[in-house]
Amino acid sequence: MEQSSHFVYILKCKDDTLYTGYTTDISRRIRAHEEGKGAKYTRGRSPFELVYQASCPSKSEAMQLEARIKKLSRKRKMQLIHEYAGGDT
């Protein structure tokens, strides 16, 4: 029986770019990014702001969601972040 959660997240980097990733532990993963041990893309782009996260029941679903988000335009990613933050209430 699998107990771990699977997360897709978006970080806003200091240069105002967005990074989308997958993890089972968001806190640990953000620390890795901050220490320069995360993805190559995020090296030198800290500090980061966690602007979106979604929990998925399986790794497969999380990976599919990550892939879908990565294909979105920046404008659509910003809309997703805005909706996540409750911006349209």
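Buried means under 20% relative accessible area, exposed means over 50%, and partly exposed lies in between, with a 1.4 Å probe and protein chains only. The model is predicted, so local features need pLDDT of at least 70 and side-chain atom pairs count only at pLDDT 80 or more, while totals for chains, interfaces and linings use all residues. Residues are numbered from 1 along each chain as its sequence is written, and side-chain values use heavy atoms, with hydrogens and water left out.

**Exercise 1. Work out in what order the three strands form the sheet, and which strands lie at its edges.**

Step 1. Helices (H or I, at least four residues) and strands (E, at least two) are DSSP runs numbered from the N terminus, and two strands pair if DSSP finds at least two bridges between them.

Step 2. The three strands form an open, antiparallel sheet in the order β2-β1-β3; β2 (18-23) and β3 (49-56) are the edge strands, each pairing on one side only.

Step 3. Seven bridges join β1 (residues 6-12) to β3 in the antiparallel sense, and Y9 has Q53 of β3 as its bridge partner.

**Exercise 2. Determine which residues of α1 are buried, and how they are placed around the axis.**

Step 1. Helix α1 (residues 26-34) lies across β1, β2 and β3 and runs at about 130° to β2, where axes are lines fitted to C-alpha atoms, for helices over the stretch in contact, and angles run from 0 to 180 degrees between N-to-C directions.

Step 2. The buried residues of α1 are I26, A32 and H33. Because they cover an arc of only 125° around the axis, they are on the same side of α1; the arc is that of the directions from the helix axis to the C-beta atoms.

Step 3. These buried residues pack against β1, β2 and β3, contact meaning heavy atoms within 4.5 Å.

**Exercise 3. Classify K12 in the salt bridge with D16.**

Step 1. The side chains of K12 and D16 meet at 3.2 Å, N to O.

Step 2. K12 is partly exposed because its relative accessible area is 27%.

Conventions
Salt bridge = Lys/Arg side-chain N within 4 Å of Asp/Glu carboxyl O.
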